[in-house]
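Here is a quick tour of a multi-chain model, moving from one chain's layout to the contacts between chains and then to a few elements up close. Have the viewer open as you read.

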Amino acid sequence: MQNHILSIILFTPLVGALFLLFVPKENKDAIRWIANVFALAGLLVSLPLVPWFWDKRFEPGFKFMEGAPGNWIPSIGAGYVLGIDGISFLLIMLTTLLGWISILSSWTAIENRVKEYYIWFLFLQTGMLGVFMALDFFLFFVFWEAMLVPMYLLIGIWGGPRKLYAAIKFFLYTLAGSVLMLLGILFLYFHHHAVTGVYTFALERLYETAPRIYSDYGPYAATLLFLSFFFAFAIKVPMFPFHTWLPDAHVEAPTAGSVILAGVLLKMGTYGFIRFSLPFFPDVLTHGRVRFWVMTLSVIAIIYGALVSLMQKDMKKLVAYSSVSHLGFCTLGIFALTPLALSGSVLQQINHGISTGALFLIVGILYERRHTREISEYGGISNVMPIYATITMIMFLSSMGLPLLNGFVGEFSILQGTFMEKDIAGHPGYFWAAWAVPGVVLAAAYLLWLYQRVFFGPVTNPKNEKLHDLTPREVATFVPLLIMAFWIGLYPKPFFQILQQPVEKTISMVRGPDYLKAGATVNAAVKPAETAPQFRVTLDDRGGIPTHGAKLVKAPVAAPKKKGTN
Amino acid sequence: MGTLGFSATDYLLVLPITLLTLFALGILLIDLWIPPEEKWVNAVMALCGVAFSAAAIWNPFRPGILVYLEAHGFSGRPAMLNAMVVDRFAIYFWYLFLAATAIAILMSVRYLETEHENHGEYYALMLLSVAGMMCMAAGLDIVLIFIGLELMAISTYVLVGFLRRDRRSNEAALKYLLLGAFSSGIFAYGLSLFYGLTGSTNLAVIARELANNVLKSEYRPVAIVALLTTITGLLFKIAAIPFHQWAPDAYEGAPTSITGFMSVAVKAAGWAMLLRILILGLLPMRPIWVPLLVFVSIATMTGANFAALTQTNTKRLLAYSSIAHVGYMLLGLIAGTATQLSPDGIKGILIYLLVYTFMNLGAFAVITSLRHRNVIGDELDDLNGLYSRAPVEAVLMLVFMLSLAGIPPLAGFWGKYFIFLSLVSSGHYALASLGVFYSVFGLYYYLKIANAMFMGKVEKDGEKLPIGLTMRAAIALTGIATLYIGLLPNSFIELVNWALGIAQNPNVARLTH
Amino acid sequence: MEAMLHITTLHYLVLGAALFLLGVIGVLTRRNVVIVLMSIELILNAVNLNLVAFSRYWQGMPGHLGGPGALHGQVFAIFVITDAAAEAAVGLGILIAFFRNKETVNVDEVNLLKW
Amino acid sequence: MLFLDHIWLIPLLPAVGAALMFFFGRRLQKSTVSAVCVGSVVLAFLMACGGVLQYTNWGAANGHRPYEKILYTWLGTDTGHLNYQKSDGTPASFRADAGFLLDPLSSIWLLFVTGVGMLIHIYSTGYMAHEGGYYRFFGYLNLFMFSMLTLILANNYVLMFVGWEGVGLCSYLLIGFYFHRKSASDAANKAFIVNRIGDAGFILGMFFVAWLCGSLRFIDVTGFARDHAATLMGNPIVTAATLLLFVGACGKSAQLPLYVWLPDAMEGPTPVSALIHAATMVTAGVYMVARSNALFVLSRESMLVVAIVGALTAIFAASIGLVQNDIKRVLAYSTVSQLGYMFLALGVGAFSAGVFHVFTHAFFKALLFLGAGSVIHAMSGEQDMRNMGALSEKIPVTFRTMLVATLAIAGIPILAGFFSKDEILWQAWKFSPYLWAIGFATALMTAFYMFRLMYLTFWSPSRVTSHEVEHHIHESPKSMTVPLVVLAFFSITAGWLGWPASLGGSNHFEKFLEPVFANAAEKEAPPANESGLGLTEYLLMGLSVAAAGVGWLMASRAYSNAGKGYTEPIAAAAPPVYDTLLNKYYVDEGYDYVFTGRRKLGDVRLGVMGLGEASSWFDSHVIDGAVNAAGWITRSTATFSSWWDKWIIDGIGVNGPAILARMLSYPARLFEWGLVQWYALVMTAGLVGFVFYYVYH
């Protein structure tokens with residue numbers, strides 16, 4: 001079971017889609033039930049992964065590996081290789097969760113062409129999961145592109161008035177980014193062959209040779225190659241100024257599509273950065289100006305996205321631009337290249353999935369009742385829909401990074417991780433962090449202003465007087481998100497621990513193993529001296545980078561103890 | 001040794017061609033006795049011809065060409081006094097032609113009934129043109145290649161004009177004929193010059209003489225003129241810009257089934273001939289024709305993609321798309337020959353042709369199926385709401401379109417993949433970038449078709465589209481092939497490797513964890 | 001006899017080239033489809049002339065490619081003639097079909113299909 | 001050690017109350033709601049008392065160390081990872097615990113927050129009895145208590161920040177409690193967003209602290225700062241850290257220039273104003289600076305900034321308070337002003353004096369607000385003092401308790417305010433006479449506007465507009481007056497804890513706080529000329545008492561007979577000054593023009609909204625424009641090429657010849673092209689082009 005768990009998770013939605021093919025399309029309720037059952041099944045089969053992964057969280061390398069390099073298309077060395085580490089584990093769990101929620105939320109929202117809708121949605125689910133699981137670059141690329149199609153159709157068929165424009169823009173824009181990546185992949189493939197004499201797309205093999213491109217071909221070529229990946233991921237994230245497909249796609253997409261788009265699809269870009277750009281091009285990032293520009297774009301995205309969303313008149317567009325801002329934090333954290341910022345970035349990606357996913361659901365609920373998303377159409381919704389207003393408030397707070405909710409943990413880690421870095425592309429870390437921090441203020445501004453305009457005040461529009469509050473089904477879609485939001489906010493330690501191994505591996509691949517060693521023995525220095533040690537697992541029994549088995553590295557236990565002052 | 005110096009082996013090796021010719025003649029004969037309502041027998045006959053021809057190459061029960069070749073180490077066997085060479089390359093193309101023909105025949109049955117042009121000649125001409133194509137693919141002597149070309153061309157002229165009462169069909173045929181004959185003339189002129197320069201009509205000898213004598217002599221300019229005229233003929237047949245203009249007209253005017261047939265089989269034959277002549281005969285002149293091809297391929301991709309954007313006729317749109325695909329394939333040829341003869345690029349072309357056969361035929365099959373009663377069905381608007389009228393076909397059409405656009409994991413992706421692979425491996429990064437750029441570009445007009453099918457306004461009647469059994473078979477075959485090749489391309493890649501004599505799995509990682 | 005011009009291969013080639021060019025110009029400029037077809041025949045005849053001339057040239061050459069056996073060109077020419085005939089036949093057939101529908105043989109009226 | 005070990009229960013109790021309200025509040029009776037919410041705070045208060053008692057014993061036995069209780073690791077991996085480099089290059093680890101810390105400083109806050117909080121909860125049961133959303137109100141109030149207690153008891157900056165943001169949130173929710181009022185929701189937004197600006201500073205300040213000290217635990221930070229005091233003195237990182245932290249404090253404690261939200265926050269229900277915007281939350285900034293005293297003393301610049309900002313805020317707000325007519329606004333500006341005092345104290349290094357003032361201020365300012373609430377309650381919601389007067393007879397308890405508070409805030413001896421204020425003024429004098437002068441002027445103004453308030457409300461002739469209101473005036477219920485009395489008691493006595501040595505006291509308060517503020521720098525400072533200054537101290541004390549008296553006198557002269565349509569003395573003396581003050585120096589308007597962009601400056605919108613507008617214009621026109629333009633160019637190129645074909649090729653190729661033929665009758669026949677021939681021509685041209693390429697290449 002453990003050997004094939006990833007395949008099972010990956011293909012459960014697909015099985016659902018194929019199963020739906022044989023259900024007559026007139027029988028809408030049956031279709032809905034079946035789709036929901038499979039979506040839930042997709043979530044349920046992924047749950048065993050949680051305890052299993054938890055046990056292995058400190059083990060090096062990828063877990064639950066499946067397949068072997070070159071077993072899919074031997075003649076070119078492409079394989080069906082799946083495997084996950086902490087980063088992809090979290091993203092997979094997010095995907096299965098949001099997948100289920102989105103499908104659940106579509107129950108009444110989708111009334112025409114129900115069968116197709118669910119089929120494409122389940123297809124999409126498989127495509128997204130594949131992206132996070134693939135350890136073969138080729139397989140990754142296939143999933144990466146393949147999942148564009150269902151998303152395109154979801155926007156194009158069930159979207160709003162400008163759906164065609166949005167759908168085509170989405171498809172073309174993202175495809176334009178990724179085709180260059182294909183060339184980049186091929187370059188790595190040949191480079192690997194030139195170095196080792198072996199043709200392969202296996203990620204772990206490419207990790208070994210790709211960093212040599214910088215010395216083999218020179219900085220210029222390496223930078224170009226970096227850019228070929230960068231554009232693909234930056235468009236997907238989307239980073240400023242490649243973001244304009246996002247508002248259109250979000251505004252036009254059906255609610256569930258938006259949830260998935262914001263919750264999962266955007267994470268593919270950041271995931272790509274972490275999984276590929278960082279380990280492949282360490283020298284490009286640590287030398288040269290590329291990092292400066294990437295960081296600059298991130299900062300611009302943070303502030304610019306927030307400013308633009310401040311002025312939106314359409315709720316969904318507002319949330320869409322807020323995504324640009326939030327994802328700016330994520331990329332900032334990634335390219336700060338510190339373990340802390342990177343952990344924070346991944347966590348923030350999860351957070352963004354949860355809170356922005358919820359925000360889109362929230363907008364969708366109003367839309368379903370009133371069929372408009374104009375902010376000016378609303379006002380005083382608190383009076384008629386109190387439960388809804390409460391949930392919205394919590395999710396808004398989570399999105400703006402209020403402590404004890406999830407958003408804060410991610411943003412704080414990103415900012416601190418960025419801040420502590422002495423030199424990021426010629427500037428100290430605090431320079432970058434200081435630029436990013438206004439984003440936090442602006443987030444409060446645009447969200448609270450939105451809240452004020454929609455929920456506060458008397459009910460001005462008579463059409464809003466009869467709105468009914470959330471149904472149990474709708475509440476059910478929020479409950480898991482709320483639980484997750486509070487969990488991450490209150491007790492994020494498990495997440496940090498899950499991320500520890502992959503993050504440190506990634507960082508040491510970029511900055512060399514010495515970078516981490518510098519801080520390996522630090523913790524004892526700031527351990528509390530006297531009080532209340534009973535709740536904490538101390539460093540002494542698990543020092544250093546944890547490795548499994550007999551190779552456990554013993555940390556120097558006799559770290560200097562700081563005497564308690566005060 | 002037979003009377004003409006042919007051995008029994010020679011007859012064995014040309015058996016597929018012979019069988020096709022015989023079946024063609026047979027169809028013409030029995031057509032006389034078949035009552036009009038049972039003309040489908042002709043199609044069955046034609047399919048039998050294809051099947052027999054295929055079986056002559058390989059069948060499980062008795063030795064065919066393959067077995068023979070295997071015994072001789074697969075290195076290729078000259079036949080008919082060195083006029084042709086039956087090698088794996090030829091066999092690959094033969095099978096390709098036969099597959100395309102079989103599917104085209106399946107597409108034709110109901111279509112011809114609808115058009116009331118259900119004559120035996122149609123199938124006979126098809127088989128004859130396939131015979132011509134086979135000569136082109138296997139030709140070693142330029143005389144045979146030329147004859148094959150003309151056999152194919154003349155047959156297709158007629159096929160394009162087969163809807164006698166349709167003015168568009170007449171016109172397409174006339175244009176195709178005039179331009180085709182014109183290009184044949186230019187082509188033949190080039191060939192005659194080559195003969196004059198080298199004293200031989202055999203490609204291998206021509207290559208040797210060019211390399212050893214002609215290019216070093218004062219006749220070099222003549223050789224260049226010969227090359228240019230020859231290449232003009234070749235590029236005409238594959239419809240590369242600026243020799244492409246016949247294609248949109250002919251594609252639009254021809255019966256849809258023939259459009260499909262032409263766009264894959266005729267094009268593949270053109271490619272087979274082009275590869276044979278350029279790589280076997282004119283390789284010594286490589287430095288001269290590679291820059292030319294670079295220009296042509298860029299012009300082709302650019303022109304065709306731009307032109308396709310504004311088309312409102314599906315067939316015409318696909319015509320331009322097929323021209324654009326020629327541009328990509330030319331990139332493969334450039335990659336394969338630019339610095340040294342590398343199999344990668346050629347492999348790309350062969351795979352491209354393979355996947356293109358299925359996806360393009362599939363697309364045309366769907367368009368053909370739109371022809372019913374009073375609807376011509378080749379305008380973009382005719383596809384509107386296809387999903388509600390024929391969901392399976394619509395989804396498969398989507399698959400074909402995405403495949404044409406090169407979205408993985410569909411077959412079309414592999415064609416592009418190997419082309420770009422060869423470009424990257426030979427260092428043509430700029431061309432590769434251009435190629436991928438245009439492939440995104442292409443997506444736009446393919447999506448126009450998808451948009452019409454899935455998001456277009458549903459017709460008022462919304463009635464189910466009547467689709468015949470054979471048509472369903474054709475669509476299903478191509479659809480399955482497109483998906484199958486897309487998902488599990490390995491055996492097909494190996495097939496192409498085999499066809500080109502490339503070692504399988506060179507140094508591919510087969511490592512386990 | 002010295003005064004009489006000795007006809008060399010080159011002369012044939014020049015004549016062939018001239019024919020070829022005439023054919024091309026004819027294709028490009030003539031209005032009547034029948035004449036266009038005939039112009040194409042001219043091009044093919046240029047080819048034939050070339051082939052036969054070259055064939056003769058190579059027959060006179062010693063060496064492994066030359067000699068009396070080098071009849072390929074003439075064989076090729078025969079095939080080309082055949083081909084030209086076939087092309088003309090098909091062309092005229094199509095033209096008749098076209099004429100029936102449109103009642104014209106002028107190329108400038110072949111204009112239904114355009115971009 | 002029952003209470004100490006379970007100190008985390010103190011914040012948790014109100015949190016449970018809040019959670020219950022959110023989940024079940026709608027279905028609960030008002031009495032149940034009161035029982036749960038008030039009960040949880042009462043319990044918290046009791047636990048706080050117990051905890052502080054136990055701590056004093058524990059502390060005495062343990063060298064007055066802070067008591068720390070760590071529940072679990074909140075942020076961080078707990079495995080010694082997620083490390084970073086401190087500014088000196090040594091490694092440090094990222095972590096923040098859910099940990100609680102009790103020391104004298106937090107004890108004081110703990111006591112008065114739970115104490116005052118409890119009283120206000122009780123008061124609210126009366127005040128809010130007739131309001132809708134009763135459960136919601138108490139839920140928010142409990143949530144506030146949770147946040148505030150977290151803020152106080154946190155053992156590290158991050159957890160403190162949790163409380164810090166939490167109180168901001170509750171403040172937002174409570175200000176916006178009457179959410180159907182636009183002004184209320186505006187004020188709520190303003191409060192939160194301005195606070196957020198401060199929070200941004202707090203975050204950055206925190207990072208600097210972590211960068212410098214390698215930890216965010218208070219114990220570590222304080223220890224580090226004191227151990228390395230010599231080397232850190234004048235370190236720019238310290239200055240940056242402290243200044244940024246102070247920005248946070250400015251936001252939360254309403255100092256210049258971030259004070260603007262606090263007066264508006266009076267839109268909330270009055271108990272909220274009393275609890276949050278007078279007694280507790282706004283002192284969080286003071287608490288945080290006091291908590292970081294070890295760092296602040298290392299940067300003279302920061303200390304100076306704190307002192308100056310404090311002093312300026314004090315006089316600035318007080319001057320606005322002179323002319324305000326809304327009873328709550330007067331108190332709001334008074335609060336800002338008093339907070340300025342506190343920062344002045346902190347800035348001059350008199351941390352315990354500042355804390356002392358917080359402590360006393362909590363009681364009398366809460367009392368003032370609750371009293372004002374009682375007045376408003378009596379006046380059926382009227383808040384404008386111009387429509388009040390002669391209430392002293394009708395609501396005697398309110399009147400008497402408020403008088404106590406007024407005397408206290410004015411600095412009349414023996415009452416609480418006297419001790420704390422004098423301590424501050426005295427310390428300011430020692431630091432710089434200029435700062436003292438500002439403080440002194442503020443004291444004068446304070447006395448004036450407070451007595452103005454008293455006169456206009458209670459003593460002057462009645463100016464009540466409607467008879468209905470007049471008739472309806474009544475004393476508040478017991479649940480409201482009892483807290484008033486209790487607070488009045490403390491307003492009198494709270495100051496005695498800090499009875500200065502110079503007046504024969506022992507200043508228990510300062511002694512209690514000593515371990516917290518035991519900075520090496522301070523210790524080293526010699527008690528120079530303490531004796532010589534003794535006289536000065538008495539003199540200053542006398543001066544400030546005199547100032548209070550003068551203020552009272554002036555107010556009585558101006559307002560004791562203020563009938564309907566009375567004139568303000570300042571308005572009479574200097575109308576422009578009056579206008580400026582009445583309009584709060586036009587700061588709000590200025591902010592709206594320049595920073596928020598809510599108002600347009602001519603046709604131009606500046607500020608954040610201006611930037612937002614510009615950005616969204618840029619986004620839809622430039623960036624998306626570029627994307628669309630790319631598409632448009634492509635499509636138009638394609639359209640052009642088909643147009644080219646239709647008109648040029650067809651036109652010239654087909655129709656052109658006819659025109660040409662007429663023009664050049666014979667030679668034109670050569671070019672009588674049809675479409676086919678055009679195609680053929682292109683082919684030929686291609687071929688010829690190739691030939692030319694090779695000829696000339």
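In what order do the elements of chain C run from the N terminus on? The answer is α-α-α. Keep in mind that this is a predicted model. Chain C has 3 helices and 0 strands. As for burial, 41% of the 115 residues of chain C count as buried. If you take the contacts in chain C between residues at least 6 apart in sequence, 49% of them join residues at least 24 apart.

Now for how the chains meet. Chain C has no contact with chain A, and the closest C-alpha atoms of these two chains are 25 Å apart. Chains A and D are another story: of the 5 pairs of chains in contact, they share the most contacts. Chain A puts 65 residues into that contact and chain D puts in 64 residues. On the side of chain A that touches chain D, the elements giving two or more residues are all helices, namely H14, H16, H18, H19, H20, H21 and H23 of chain A. H21(A) supplies the largest share of that side, with 8 residues. Sorted by class, the side of chain A that touches chain D looks like this:

| Class | Residues on the side of chain A that touches chain D |
|---|---|
| Nonpolar | 41 residues |
| Polar | 19 residues |

Which residues point which way from S4(D)? Ala96(D), Ala98(D), Phe100(D) and Leu102(D) point one way, while Asp97(D), Gly99(D) and Leu101(D) point the other way, and all are buried. S4(D) has a partner in strand S1(D), residues 67-75, and the two pair in the antiparallel sense over 7 bridges. To find your place in that pairing, look for Phe100(D) in S4(D), which has Lys69(D) standing opposite.

Methods. Residues numbered from 1 in each chain as written. Chains lettered and ligands numbered in written order. Predicted model: local features only at pLDDT ≥ 70, side-chain atom pairs only at ≥ 80, totals over all residues. Contact = placed C-beta atoms within 7 Å. Helix = DSSP H or I, 4+ residues; strand = E, 2+ residues; numbered from the N terminus. Nonpolar A, V, L, I, M, F, W, Y, C, P; charged D, E, K, R; others polar. Buried ≥ 20, exposed ≤ 12 C-beta atoms within 10 Å, placed from the backbone. Pairing = 2+ DSSP bridges.
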